[in-house]
Amino acid sequence: MTSLDILGIGNAIVDVLARAGDDFLARHGMAKGSMALIGTEDAERIYAAMGPGVESSGGSAANTCAAAAALGARVGYLGKVADDALGQVFRHDITAAGVTFPTAPLSGGAPTARCLILVSPDGQRTMNTFLGACVTFGEADIDPVAVAGAQVTYLEGYLFDPPAAQAAFREAARIAHAADRKVAITLSDPFCVERHRDAFRAFVKNEADILFANEAEICALYQTDDFDAAATIAQSEIGLAALTRSEKGSLILTATTAHEVAAVPTQVVDTTGAGDAYAAGFLAALTAGRELAECGRWASVAAAEAISHFGARPQADLKALVAK
């Protein structure tokens, strides 16, 4: 018996979203559409320069967990926040979303992480992340009972940056597989992949059962500009891969099958959290026993909802949307 459908592990971050033009990005040396890690001074400088914003609990895997819970899945989350005001905000928000959050807070160390997200007029998001307390997440924060009791443990690629977290990922995979459970990983960002390509390649091939990646990320992983070539390699190395291609939809691959899933048309307001929501829809359907094509449909519906408004967390009734 499983106690959870999905257990997410990732960077526990409070998001600060504000609109910004391309001139703002250029002035601050940002690569549009990317995620950059920043220190305390840069975090303060960019935050001071940003226009009016919206603050909410975020983090890639946490967003996935919140959306999966909204779809009716039983969800837990592991991630490190500090014992400070933003940490309390994060804990309240994710718990209120219906997600179990047992990780103890960091006391007396770095503050809770925050991600400064600039949304361009075309909906592209450029992220500047101060990891703060996130970098302290390690093997000791892995809850073996939660991992062993979850159908799928979902790992956030962004957490590959701190070395201690890579060890935590391997420990989580060991516990999950010993309990005959599945391990899923999302590559998160092509720059993150390039920083840790060898480690990602090894983990995807040897530890993961399910892979989530967009076109840029999967091409970065396999060092090719040819999506079809990258997809072929993924199909040979992993049991199940869900590869997203924005308005082109997504491709769901097993060793012997391929399902093309159409994107759900919507007005793009903010692309923040699109991949997170896609993974939520897919995993919520998968753990509920749906066929792969239907998992892809749920994923596309959830992703379309995410990009139709400002912010990454769902604002519409996802259960009603996937039921249509």
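This is a predicted model: local features need pLDDT of at least 70, side-chain atom pairs count only at pLDDT 80 or more; totals for chains, interfaces and linings use all residues.
## Overview

Side chains of opposite charge can pair when their charged atoms come close. In this model, the count comes to nine salt bridges under the rule that a side-chain nitrogen of Lys or Arg lies within 4 Å of a carboxyl oxygen of Asp or Glu. Three of these pairs are described below, among them Lys32 with Asp22, Glu237 with Arg201, and Glu294 with Arg297.

Lys32 and Asp22 form a salt bridge in which the closest N and O atoms are 3.2 Å apart. The pair links distant parts of the chain, since Asp22 belongs to helix 1 (22–27) while Lys32 lies in the loop between that helix and strand 3 (35–37), with 10 residues separating the two. Lys32 has a relative accessibility of 37% and therefore counts as partly exposed, and Asp22, with a relative accessible area of 44%, is also partly exposed.

This pair also belongs to a network of salt bridges, in which Asp22 and Lys32 are linked together with Asp122.

## Glu237 and Arg201

A salt bridge joins Glu237 to Arg201, and the closest N and O atoms of the two side chains are 3.4 Å apart. Because Glu237 lies in helix 10 (residues 227–237) and Arg201 in helix 8 (residues 197–206), the pair ties together parts that are 36 residues apart in sequence.

The two partners fall into separate accessibility classes: Glu237 has a relative accessibility of 15% and counts as buried, being under the 20% limit for that class, whereas Arg201, at 28% relative accessible area, is partly exposed.

## Glu294 and Arg297 within helix 12

The side chains of Glu294 and Arg297 meet in a salt bridge with an N to O distance of 2.9 Å. Both residues lie in helix 12 (residues 292–307), where they are three residues apart, which corresponds to about one turn of the helix. Glu294 counts as partly exposed at 23% relative accessibility, and Arg297 is likewise partly exposed, with a relative accessible area of 27%.

How values were computed: Residues are numbered from 1 along each chain as its sequence is written. Side-chain values use heavy atoms; hydrogens and water are left out. Helices (H or I, at least four residues) and strands (E, at least two) are DSSP runs, numbered from the N terminus. Buried means under 20% relative accessible area, exposed over 50%, partly exposed in between (1.4 Å probe, protein chains only).
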